[in-house]
Amino acid sequence: MNKWLLPLTVLATLTACSTSNESKQIANDSYEKRGVIPVFTKLDTGGVTILGQENTYQLPTDVSVKTDATDIRPPSAPMAIIGNSVTHFDGERSSIIYPAEKKGVYNIQQVQRLLTEQGIPFSTSGNQVQTDWAKTGRADEIGDVQARYIIEEVGNSDSNALVVAIAQMKRDEVIFTPAVKDKARYTSDRLNQLVGELNMAYRQQQQQVATFDVATGAIQSAIVTDANQHTSLAMNINFQQSWQKLQQALPQLGFEFKESTLGKGYAVLKYKPLDDTQWARLGLTKPDLEKGEYSMQISAYGNESAVVISDEDKFALSGENAQILYQALQKLLAN
């Protein structure tokens, strides 16, 4: 993953200092420790009594064994970079556990989006993702070290968790079994990187919503791209207020509420196209939307909210149709 690689100037400096980065991983004593103390055969004294060796300066008789090299790389651990979260490494997997209400930001679908952006192939099975071979991204590796990761989302009504484990590892195309400290290092690195990327996307979305002027008391809105890369209408009103306002505005555009779940901010809509003159009153051209079933999903971002309208195949509206519909909603909400 290119995002983790050091700048070329830094790499050039490191290369000039050493042709190997092994010194970044291990350190040990530079001298050879002794092995078995030699034993000498007694000389023939010819009947002469010889005094024994003076023991004052006798060397110790214990045998010292050369130890393995010590890994001096800084340890890695999963970091609690989500508010009100806890992290854990159980010897195989690194995990971060967070409140269930934050599932809309931190979930396996968002992880899939990040992997796609980073060019890492993967396969899915339910709420689990298994990646193809991917570089670990660490600058202190010896050789070409790659891993296949298993990333999973688990949870219940109270909390949710993202979990990362190692499926396989290889160095210079030779598969090896990682030690526990390696599993901790590489699963933590990957988990922290994924959550950090999701945090960044969420903060950008909050900044977009926070730019709205709420001082006048009028409903301000803007057409933005949400964390799922969907075109949406962001509003400077909270979840409950946006639900009420959209229930009033959408019927004026031909959308009738059929089924709704307030707790999830979700509603099924039945759309019947209006004539051209009704759209002309809003200063807009009628969008090219087919008659049928649509849906609405409202997401909360603190005291702000955003809505996404999707078609009967659950695909969020995009392009010109989304722009026209959300512009119409902007005009109705501003009045």
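Student: Let's start with charged pairs: which residue's side chain meets that of D90 in a salt bridge?

Tutor: First, a word on the source: this is a predicted model, where local features need pLDDT of at least 70, side-chain atom pairs count only at pLDDT 80 or more, and totals for chains, interfaces and linings use all residues. Residues are numbered from 1 along each chain as its sequence is written, and side-chain values use heavy atoms, with hydrogens and water left out. A salt bridge here is a side-chain nitrogen of Lys or Arg within 4 Å of a carboxyl oxygen of Asp or Glu. With 3.3 Å from N to O, the partner of D90 is R93.

Student: Is D90 buried, partly exposed or exposed?

Tutor: We sort by relative accessible area: buried means under 20%, exposed means over 50%, and partly exposed is in between (1.4 Å probe, protein chains only). R93 comes out at 39%, so R93 is partly exposed. D90 has 40%, so the label for D90 is partly exposed.

Student: How many salt bridges does the structure hold?

Tutor: The D90 and R93 pair is one example of a salt bridge. Side chains of opposite charge can pair when their charged atoms come close. For the structure, the count is nine.

Student: In which helix do R113 and E117 both lie?

Tutor: Their side chains meet in a salt bridge, at 3.1 Å from N to O. R113 is buried at 14%, while E117 is partly exposed at 48%. Helices are DSSP runs (H or I, at least four residues), strands are runs of E (at least two), and the numbering starts at the N terminus. The two residues are four apart, about one turn of the helix, and that helix is α2 (residues 108–117).

Student: Why are R185 and D182 separated by about one helical turn?

Tutor: R185 and D182 also meet in a salt bridge, at 3.2 Å from N to O. R185 is buried at 4%, and D182 is buried at 13%. They are about one turn apart because they are three residues apart in helix α3 (residues 180–210).

Student: Where is K291, a member of the patch of positive charge?

Tutor: Patches use residues with over 30% relative accessible area and no salt bridge, joining like charges within 9 Å and nonpolar side chains (Val, Leu, Ile, Met, Phe, Trp, Tyr) within 5 Å. K258, K270, K272 and K291 gather in this one on the surface. K291 is exposed, at 60%. Its place is the loop between α5 and β15.

Student: What is the relative accessible area of D288?

Tutor: D288 belongs to a surface patch of negative charge, together with E259, E290, E293, E312, D313 and E320. D288 is found in the loop between α5 (276–280) and β15 (292–301). D288 is exposed, with a value of 66%.

Student: What is phi of K314 near?

Tutor: Most residues other than glycine have a negative phi. K314 lies in the loop between β16 and α6, and K314 counts as exposed at 51%. Phi of K314 is positive, near 70°.

Student: And how far apart in space are S310 and L269, C-alpha to C-alpha?

Tutor: S310 sits in strand β16 and is buried at 11%. In sequence, S310 and L269 are 41 residues apart. In space, C-alpha to C-alpha, the distance is 9.6 Å.

How values were computed
Accessible areas come from the Shrake-Rupley method with a 1.4 Å probe; for residues, only the protein chains shown count as cover. Lys and Arg count as positive and Asp and Glu as negative; His and the chain ends are not counted. The place of a charge is taken as NZ of Lys, CZ of Arg, CG of Asp or CD of Glu.
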